[in-house]
Amino acid sequence: MASVSMTVNGKQVSATVDPRTLLAQFLREHLHLTGTHVGCDTSQCGACVVHVNGRAVKSCTTLAVSCDGATVTTIEGIGTADNLHPMQAAFRENHGLQCGFCTPGMIMSAIDIVNRKGNKLDEHTIREELEGNICRCTGYHNIVKAVAQGAAAMK
Amino acid sequence: MSAKTGVGAPVLRKEDFRFITGKGQYTDDINRQDQAHAYFLRSPHAHATIKKLDISAAKSAPGVLGVLTGDDLAADKIGGLICGWMIHNKDGSPMKAGAHPALAQGKVRYVGDHVAVVIADTYAQAKDAAEKIVVDYQVLPAVVDMNKAKSSAAIHDVAPDNVVYDWHLGDKAATDAAFSKAKHVTKIDLVNNRLIPNAMEPRAAIGDFDAGTGVYTLYTTSQNPHVARLVLSAFVGIAPEHKLRVIAPDVGGGFGSKIFIYAEETVCVWASKKVGRPVKWTADRTEAFLSDAHGRDHISHAELALDDKGKILGLRVQTKANLGAYLSTFSSCVPTYLYAPLLSGQYDIPAIYVEVEGIYTTTAPVDAYRGAGRPEATFLVERIIEKAARETGTDPATFRRKNFIKSFPHQTPVIMAYDTGNYTASLDLALEMADYKNFAKRKKDSAKNGKLRGIGFSAYIEACGIAPSAAVGSLGAGVGLWESAEIRVNPVGTVEVLTGSHSHGQGHETTFAQLVADRLGIDIDSVAVVHGDTDKVQFGMGTYGSRSGAVGMSAIVKAVDKVIAKGKKVAAYALEAAEKDIQFKDGRFSVAGTDKSLAFGEVALQAYIAHKFNGQDLEPGLKEGAFYDPTNFTFPSGVHICEVEIDPDTGTTDIVKWTAVDDFGNVINPMIVEGQVHGGIAQGVGQALLEGAHYNADGQLVTASYMDYTMPRADDLPSFDIGMTNTPCTTNPLGIKGCGEAGAIAAPPAVINAITDAVGHEDVPMPATPYAVWQACQKGARKLAAE
Amino acid sequence: MYAFNYHAPKTVRQAATLLAKNEDGKVLAGGQTLLPTMKQRLASPSALIDLNHAEGMSGIEQKGRNIVIGAMTRHADVATSAVVKNALPALAALAGGIGDPAVRNRGTIGGSIANNDPAADYPSAVLALGATIVTNKRKIAADDFFQGMFATALEEGEIIVKVSFPIPSKAAYEKFPNPASRYALVGVFVAKKGADVRVAVTGAGSNGVFRSKECEAALAARFNAKSLDGVKVSASGLNADMHASADYRAHLIPVMAKRAVDKALAK
């Protein structure tokens, strides 16, 4: 077992975990933050994307113990139903989700794109930057619109 | 009722708040007190007998609560999984359905087949212990190639030649006669590639037995929890229905793959009593690839007879359909009754004859996947139509227009009676939106840049609103395919809508609320939609086959009408007027010719306090239920046009423009309908360009992860131009046809017709990967050089 | 994943000591390949020596005519580094095309090179640029480092500390991705330094990254895409799988090389 401490959504958390605990498992099973999803085993679908020290990472491909001392933000940490993050609002306003399973990772990746590429994003950039997030429902059409609108609204 | 939330308005989704804030409750998000975890030991072989299965070491491994096998199922008299649709052979004899135990009983039949389950305190312990199970396999030959299946090792004793059924539909003599008159016959050989559904949420289940009440609860990723309960009760024999509750909470996409009743949920719910703890299982992605029911997988030969004017005289089709190693829940009907009756497409074809052989192979079961049979039919029809147009030197739009059905209702030679449609209207709009008249110029411009440009059409039809119970019953279905609804009005006038439909992305919590709020003249936020729990909703047939609008909402309309009728009786007492004088409009019950009226909520309160009427004359309360059984299928149709540009140096295909014009009849929420079209097209493009399940000769699934199975990503797709036409369905109260599968049905032939147009010949397989298209470009160049 | 012992050394020296002590131990860098492999139980190290907390292992600097990159530097940092974009833009572009953004935020240059996946991008740059791999023990020339699929010159207990790339006069990388995994089906890195032209190919070879003598010979005469017209690369020794035959890969090598040369000259 190994001990790990991190700041998750602004709260300090510490735990003793089996070292093989992935960050995604730690969030879901230890902290009950089940908004972070696991959709594949090969680090490709992106349903598990969270921010570690401000950067998007795949929490299913990161050990929790590697994040000792880190600041982690999950979908639950960016906004609430009453006070949505602009990217969350944009996904709703553009019908950028259907089943909702990929959505948390999609939104966390989208915010990361804005952090890196700015508030004015064209369709080509958005489509390329979403390479690591797979959606089976929407055909991406409305996700692309949502990310563009959310990016502009994050200014 | 505000126009902003009424029927026809693009209302934003009510359910979104929980999904965008990470508060959705999918099955894997649920944890039961003291739950244990299941790991399934799966067959590494495509085909083998189990000579010996030694679980002793696993049983004593750390944390293990139980190791269960097919022998334990047999000892408990737990039945096998069933196929709910009986298909009859040409000679009238029944199809050959081999037994399908939830855990292997002496034999495994595909890689991923379930050998044993280990239940332990943690998932890691269960998986560790499973490695201690010793299985002595006698490996048998894999059966992968449908064309060789008849002479291969028998997979089930009941089907020594591996043929499940040999079925046909249509009039052979009339079709042969049509061909004898033909001036031109177009022939085509097609493979409809095998797909793996890949809902983003992997399947999961929690079985939870309550020893106090004797009730089992199953949380599961299901599109139809009541059907799951029915099968697990009546056929598998887990527990009678009143002792089994099935909950399908938020479900992360289905596309057909979560209709079926699988081994894993069966075992989890059964095992929860055996180990005395709740048992949870969540698939990893590779398990999903191996054991979710796959889709499509046809090999077909088709011939189209034309007269000297290019009018179609007849169509004949021979299809081999891969059904995998076992018959999954609805698998048998997919390549038969969901396929052959669609082979008339949008065309006036006087004679059709189709033969279908269902084949067992040592691969995962194949069942309904978005479109289910109808994409296979549309692919065949639209590919042979395109080829016929090319062979006769006719513009493909003109060829279609000439052969379209133009008067309705129209009876095809293959069961279906189309109620309505206007195929020319969709074609005209699509041609305009796609700027078809300037295509030749665009093709020239591409050629200047060394690129090959092509355009492809798909004029599809589907049969949705599944389905009239009497009709499907006569064709072999084991169930009726009606839907139920219940409207519970609370004393304050808020409403709960209980539906047997299930939402796993379709937005029912919004569209059903839109409909009910509109009809009752109340605020949409006063309406809650309840679904997915057999303890709450009495019964339902679930969501698939684009049926939730046409069938599910029709049931809701029936129940709403009953609520209004009862409300009139209550209002009559409350307003001291005759019932016949009560009118209901815009949320108010009023007495005709007076200014006396009550709002819907006031009538609801009167119904519950019952102060104004005698309970013997009129029952208190306001709650009504309805079952709706459709009288016909619905027939959504449309025209999609795909334009591609190909880089012949690499074979890369770029979809440069997508035009979709669909006729879904009346639409409740155009935003959600367009979203369904987008997603459907993406899956159809996936089939055409990217996706293909591949088993090697040993029966190993080569495409068992996203490293080898290509999922459509954002940069593989364009944005889509969507247009709509509307001929309202004449056979249901809302005029709805259904939209959930259209894109997946329409897209594949549009893409392949565009690529074959670009490369100048018909030999392009699906998926048309860069490698495949590069080969096609080489062949096209050789053909051009030879000409 | 199988159970393992976990160590988070603070220095390379500690890491090396731990690696020596733990038979069947493995170094964890970004983990973007190792962790999925372990999750699928295809690797079962007894211990993980996690370099994510080791100091002094990441960073980018220009030292004379070399770009020196610490082994734990993330792909995203190479892709966006002003130093790399200025002096060796081909490398920045290559790093910016590895995996996807989240993978690039985690994956490291040292991890990628040490793993030597036959379809990884970095080995082609290391080989074409004639980089030097600096370990805790020695310096290894690129030509000596890659020793076939997943095999390198690294010895037991040896850890990559940094990689030094000589700055070329012209360079570019072109990747034709596997449609599913998005790894290189064929990736070609061309580099010209003085009269020396090197063309390294990843993704195609059944024995990992290699130099294309055919392309190098054609480009040595004249560094121009036209020089590659008619150049045929032999399919022998190339990978064949469901995504691409050896012939298709062989065809793509000069196609990608041409595009890389055009890109290199466009700068």
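Let me begin with a single pair of residues. In strand β12(B), W281(B) is the bridge partner of A205(B). Please keep in mind that this is a predicted model.

Strand β9 of chain B, residues 204-210, and strand β12 of chain B, residues 279-282, run antiparallel and are joined by 4 bridges. Both strands sit in an open sheet of 7 strands in chain B, with the order β3-β5-β1-β12-β9-β10-β11 and mixed pairing. Which are the edge strands? They are β3 of chain B, residues 64-69, and β11 of chain B, residues 244-247, and each of them pairs on one side only. From one strand to the next, the twist averages 20°.

Two helices lie across parts of this sheet. Helix α4 of chain B, residues 123-130, lies across β1 (36-42), β3 and β5 (114-120) of chain B, and runs at about 30° to β1(B). Helix α6 of chain B, residues 225-235, lies across β10 (215-220) and β11 of chain B, at about 150° to β11(B).

Now the packing. The largest nonpolar core has 417 residues, and V118(B) and V190(C) are those with the most contacts inside it. Helix α15 of chain B, residues 548-574, provides the largest share of this core, 14 residues. What is V118(B) in contact with, leaving aside its neighbours within four places in sequence? The list is Y39(B), L41(B), A58(B), V64(B), V67(B), A126(B), A129(B) and A130(B).

Next, a histidine. H502(B) lies in a loop of chain B, between β20 (495-499) and α14 (508-520). Is H502(B) buried or exposed? It counts as buried, because it has 29 C-beta neighbours inside 10 Å, and the cut-off for buried is 20 or more. Not counting residues up to four places away in sequence, H502(B) touches Q223(B), N224(B), P225(B), A248(B), H531(B), G532(B), G542(B) and T543(B). P249(B) is 253 residues from H502(B) along the chain, yet their C-alpha atoms are separated by 9.4 Å.

On to domains, with chain B first. The assignment divides chain B into domain 1, made of 16-22 and 482-628, and domain 2, made of 404-411, 419-463 and 632-787. The centres of these two domains, taken over C-alpha atoms, are separated by 40 Å. In the contact between them, 13 residues of domain 1 of chain B meet 14 residues of domain 2 of chain B. On the domain 1 side, α14 and α15 of chain B each supply at least two residues, and the largest share, 5 residues, comes from α15(B). That side of domain 1 of chain B divides into 4 nonpolar, 8 polar and 1 charged residues.

Chain C is divided into domain 1 (5-50), domain 2 (60-166) and domain 3 (170-266). How far apart do the C-alpha centres of domain 2 and domain 3 of chain C lie? They lie 19 Å apart. Here 21 residues of domain 2 of chain C are in contact with 24 residues of domain 3 of chain C. On the domain 2 side, α5 (89-95) and α8 (122-129) of chain C each supply at least two residues. The most comes from α8(C), with 6 residues. By class, this side of domain 2 of chain C has 15 nonpolar, 5 polar and 1 charged residues.

Last, the contacts between chains. Chain B and chain A meet through 43 residues from chain B and 46 residues from chain A. On the side of chain B that touches chain A, α1 (16-20), α8 (285-291) and α17 (670-690) of chain B each supply at least two residues, with the largest share, 7 residues, coming from α17(B). By class, that side of chain B has 19 nonpolar, 14 polar and 10 charged residues.

The contact of chain B with chain C takes 14 residues from chain B and 10 residues from chain C. Helix α19 of chain B, residues 770-786, gives the most to the chain B side, with 3 residues. The residues on that side divide into 8 nonpolar, 4 polar and 2 charged.

Notes: Residues are numbered from 1 along each chain as its sequence is written. Chains are lettered from A and ligands numbered from 1 in the order in which they are written. This is a predicted model: local features need pLDDT of at least 70, side-chain atom pairs count only at pLDDT 80 or more; totals for chains, interfaces and linings use all residues. Two strands pair if DSSP finds at least two bridges between them. Axes are lines fitted to C-alpha atoms, for helices over the stretch in contact, and angles run from 0 to 180 degrees between N-to-C directions. Two residues are in contact if their C-beta atoms, placed from the backbone, lie within 7 Å. Ala, Val, Leu, Ile, Met, Phe, Trp, Tyr, Cys and Pro count as nonpolar, Asp, Glu, Lys and Arg as charged, and the others, Gly among them, as polar. Domain bounds come from an automatic or database domain assignment. A nonpolar core is a set of buried Ala, Val, Leu, Ile, Met, Phe, Trp, Tyr and Cys residues joined through C-beta atoms within 7 Å. A residue is buried if 20 or more other C-beta atoms lie within 10 Å of its own, exposed if 12 or fewer, and partly exposed in between; C-beta atoms are placed from the backbone.
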